[in-house]
Structures are given as structure tokens and as C-alpha cells.
Amino acid sequence: AVPGTPVVAMVGGGQLARMTHQAAIALGMSLRVLAVGPEDPAAQVAPDVVLGSHTDLDALRTAAVGAAAMTFDHEHVPTELLHALVADGVPVLPGPGALVYAQDKLAMRRRLADLGVPVPRFTAVESVADVDAFAASVGGAMVVKTVRGGYDGRGVVLADDVAAARDAVAGYLRDGVPVLLEEKVAMRRELSALVARSPLGQGAAWPVVETVQRDGIC
């Protein structure tokens, strides 16, 4: 870290962390990266790197030493480790109470539904038999999703019929992986909105942007 500059600890050394490193420089801040290895994208450019796993509490604590805040390149840090960091006094942003909705797709769907936000019809899955009941209720194609761990297309199966959905669900449940079912909806466009609030209460919002994809690539 550069002496005299605030340090932000970033868990994960992927492309997002690498881009955040560039933004931190412009803001007069130093980024400390917890990376799996020196070949990670952010570890190749950041001068302050801690090598370790996001599932290792000691590595997380090492990365957090002296940091003004700890944030994330990905959402896969176990919730119990985040609570341990908060108990240590580490400013974890977003906190585990918010990050759990990025980690757990079923919790996210239920929370959004409780708030009255439009979401695709969905259901938790306990057995393959649940596929038939859900298919009858939506009357169309379905999406099988792992509740946790899916990322960049992993853990997502587009099922055009009941047989495909049953096969996907059976495979996940056989491996002990919790899944949910969603109805497949037609996508017209994908919009992104960024709203932020500081610990002191200041808020900021950025213009809504549209993601343009061609052949599945942004």
C-alpha cells in the first residue's frame, strides 16, 4: 500500500478486482487484493497482494488488516466467515446481511417477491417430482438453477421440456446440490442501474445503461 492512502481490501483477484484497482488509483486509494495465486488478473497489476483462499478466515483477516473497508470481486465468501470479520470490527461492505441475497438465489427470489418486485414464477425443489408440478403451473419452458455457487452461466440449465428439467434436477440432487426452478421468460433487453450509499448516508445514482449482447457475448 502507498503510505498515507486509504486501503480497501478486495476479496478475489479476478477481472472485476483488476478494474477496481484502476479506479482506486484515480480516487487516491490503494487496493489490497486477496488472490488465489499470482497469475490472477488483479494480482498481476496490484502492488499489495495477499495470497490465499476466500474460504480461509486467517487469509481474510490478513487481507483486512488496516483496511478502511473490505469488499468483493465475487459473492462466494461463506456467510459465517463474513460475520466473523464483522465481529472483529472489519467494515465489510456490503455486509453479510445484504450479500446473502447475491449468494443465495432462492433467498433473493423470496425477498424480491415479498417486496412486491416482479420476478419469474419460481419454486424450491425437494425432489424430481417437483418438476412435474411446476411444469403444470407454468405451462412452458423452465430454467434449473443451483441455489448457490452458479456464476457466469455455470449452474444454469435451460430446459425446453419436462424431461430435460427432470434430468438436470436429478443430476444436481444426486450430487447434493440444492436447486430451484424458474419459468423461462422472454428477454427484450437487459438494463443495469447502480445506486450507492456511503456509511455516512450520502447517496448517489448513475445513469441506467443497457447491456448489448451479440452471440451471447457482451
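## A walk through the chain

Colour by secondary structure to begin: the chain has 7 helices and 12 strands (DSSP runs numbered from the N terminus, H or I of at least four residues for helices, E of at least two for strands). You're looking at a predicted model, where local features need pLDDT of at least 70, side-chain atom pairs count only at pLDDT 80 or more, and totals for chains, interfaces and linings use all residues. Residues are numbered from 1 along each chain as its sequence is written, and side-chain values use heavy atoms, with hydrogens and water left out.

Zoom out for a moment. The C-alpha atoms fill a box of roughly 60 × 40 × 35 Å along the principal axes. Of the 218 residues, 34% count as buried (under 20% relative accessible area with a 1.4 Å probe, protein chains only; exposed is over 50%, and partly exposed is in between).

**Stop 1: Val-11.** Select this residue in strand E1. Val-11 has a relative accessible area of 0%, so it is buried. Show its contacts (heavy atoms within 4.5 Å): beyond the neighbours within four places in sequence, they include Leu-34, His-54, Leu-60, Phe-72 and Val-77. Now pick Gly-52: its C-alpha is 9.6 Å from that of Val-11, though the two are 41 residues apart in sequence.

**Stop 2: the second largest pocket.** Select Val-8, Met-10, Thr-20, Leu-27 and Thr-71, which lie nearest the pocket's centre among its 14 lining residues. A pocket here is an open set of points on a 1 Å grid over the protein atoms alone, where a 1.4 Å probe fits, with protein on both sides within 12 Å along at least five of seven lines; lining residues have an atom within 4 Å of a point. The space comes to about 310 Å³, a volume filled by probe spheres set on points joined across faces, edges and corners. Strand E1 (7-11), helix H1 (15-26) and strand E4 (69-72) each give at least two residues to the lining. Colour the lining by type and you get 12 nonpolar, 2 polar and no charged residues.

**Stop 3: Asp-40.** Go to the loop between strand E2 (30-35) and strand E3 (48-51).

**Stop 4: helix H3.** Select residues 79-87 and pick out the buried ones: Thr-79, Leu-81, Leu-82, Ala-84 and Leu-85. They pack against helix H2 (57-64), E4 and helix H4 (96-103). Just after H3, check the backbone of Gly-89, which takes a positive phi of about 95°.

**Stop 5: salt bridges.** The structure holds 8 of them. Start with Glu-183 and Arg-121, whose side chains meet at 3.0 Å, N to O. Glu-183 lies in strand E8 (residues 179-183) and Arg-121 in the loop between helix H5 (105-114) and strand E5 (122-124), so this pair ties together parts 62 residues apart in sequence. Next, select Asp-132 and Arg-166, with their closest N and O atoms 2.6 Å apart. This pair links helix H6 (residues 129-138) to helix H7 (residues 162-174). Finish with Glu-182 and Lys-145, which meet at 3.2 Å, N to O. Both Glu-182 and Lys-145 are buried.

Conventions. Ala, Val, Leu, Ile, Met, Phe, Trp, Tyr, Cys and Pro count as nonpolar, Asp, Glu, Lys and Arg as charged, and the others, Gly among them, as polar. A salt bridge is a side-chain nitrogen of Lys or Arg within 4 Å of a carboxyl oxygen of Asp or Glu.
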